Amino acid sequence: MSRIGKSPITVPDGVTINVADGVVTVKGKLGELTQEFSDIAIKVEDGTITLERDSDKKDIRAKHGLYRSLIFNMIEGVSKGWTKELELIGVGYRASNQGQKLDLAVGFSHNIVLEIAPEVKVETVSEKGKNPIVKLTSHDKQLVGQVAAKIRAFRKPEPYKGKGIKFVGEIIRRKAGKSA
């Protein structure tokens, strides 16, 4: 069985961690993130973070690995950042942005205009002969994933021609069409 919670987390230079009253605060060059926790003891010593549990109950074991992963993702986010890329596949599918407004033309009668959270930087890349790409960048992994999933939900890739909005690198299971 995996023991993710037992492995220590090394803290890179320029990142400060504060643990107080059931809240972990991580500050770095890209921003600040907070996370509440319970039932787990978090110790910060000499640039490493260790998480310990006092019980072997099932829910506490689950929280042990969960909080370790969340803290690791927070440290990674404030030091390096997280990026998701979405690709628009289809004839006439376009994406453009003005500041934090993302304008998508994905086959509906009207364009979809989406106001993106200020913590997420949005960028669109449109090259001739290639599919448009929407790049989302932020220090918060959960927020980037949520915004990317919301954009993808407007037009999920369909299995016959593969048209729709997909993540870059995502493999779409294709189906055979009608055979005469």
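How many bridges pair E1 and E6, and in which sense, parallel or antiparallel? The points below take up this question after a view of the whole chain.

1. The model under review is a predicted one, and the protein in it contains two helices and 13 strands. Its radius of gyration is 21 Å, well over the 16 Å that the globule rule gives for 180 residues, so the protein is more spread out than a compact globule. Along the principal axes, the C-alpha atoms fill a box of roughly 65 × 45 × 25 Å.

2. Of the 180 residues in the protein, 33% are buried, while the exposed surface comes to about 11400 Å², of which carbon and sulfur atoms supply 50%.

3. As for charge, the protein carries 31 positive and 22 negative charges, and the mean positions of the two sets are 12 Å apart.

4. To return to the opening question, E1 and E6 pair in the antiparallel sense, over two bridges, and within this pairing Ile 9 has Ile 49 in E6 as its bridge partner. Strand E6 also pairs with strand E5: residues 40-45 of E5 and residues 48-53 of E6 run antiparallel to each other over six bridges, with Ala 41 standing opposite Glu 52 in E6.

5. Ser 79 deserves a separate comment, and it is found in helix H1, which spans residues 58-79. Is Ser 79 buried or exposed? Its relative accessible area is 15%, and because buried means under 20%, Ser 79 counts as buried.

6. Leaving aside residues up to four places away in sequence, Ser 79 touches Pro 12, Val 15, Lys 29 and Leu 30. In the other direction along the chain, Ser 79 and His 139 are 60 residues apart in sequence, yet their C-alpha atoms are 8.0 Å apart in space.

Definitions and conventions. Residues numbered from 1 in each chain as written. Predicted model: local features only at pLDDT ≥ 70, side-chain atom pairs only at ≥ 80, totals over all residues. Heavy atoms only, no water. Helix = DSSP H or I, 4+ residues; strand = E, 2+ residues; numbered from the N terminus. Rg over C-alpha atoms; globule rule 2.2 N^0.38 Å. Buried < 20%, exposed > 50% of the residue type's maximum accessible area, 1.4 Å probe, protein only. Areas by Shrake-Rupley, 256 points an atom, 1.4 Å probe, with all protein chains shown as cover. Lys, Arg positive; Asp, Glu negative; His and termini not counted. Charge placed at Lys NZ, Arg CZ, Asp CG, Glu CD. Pairing = 2+ DSSP bridges. Contact = heavy atoms within 4.5 Å.
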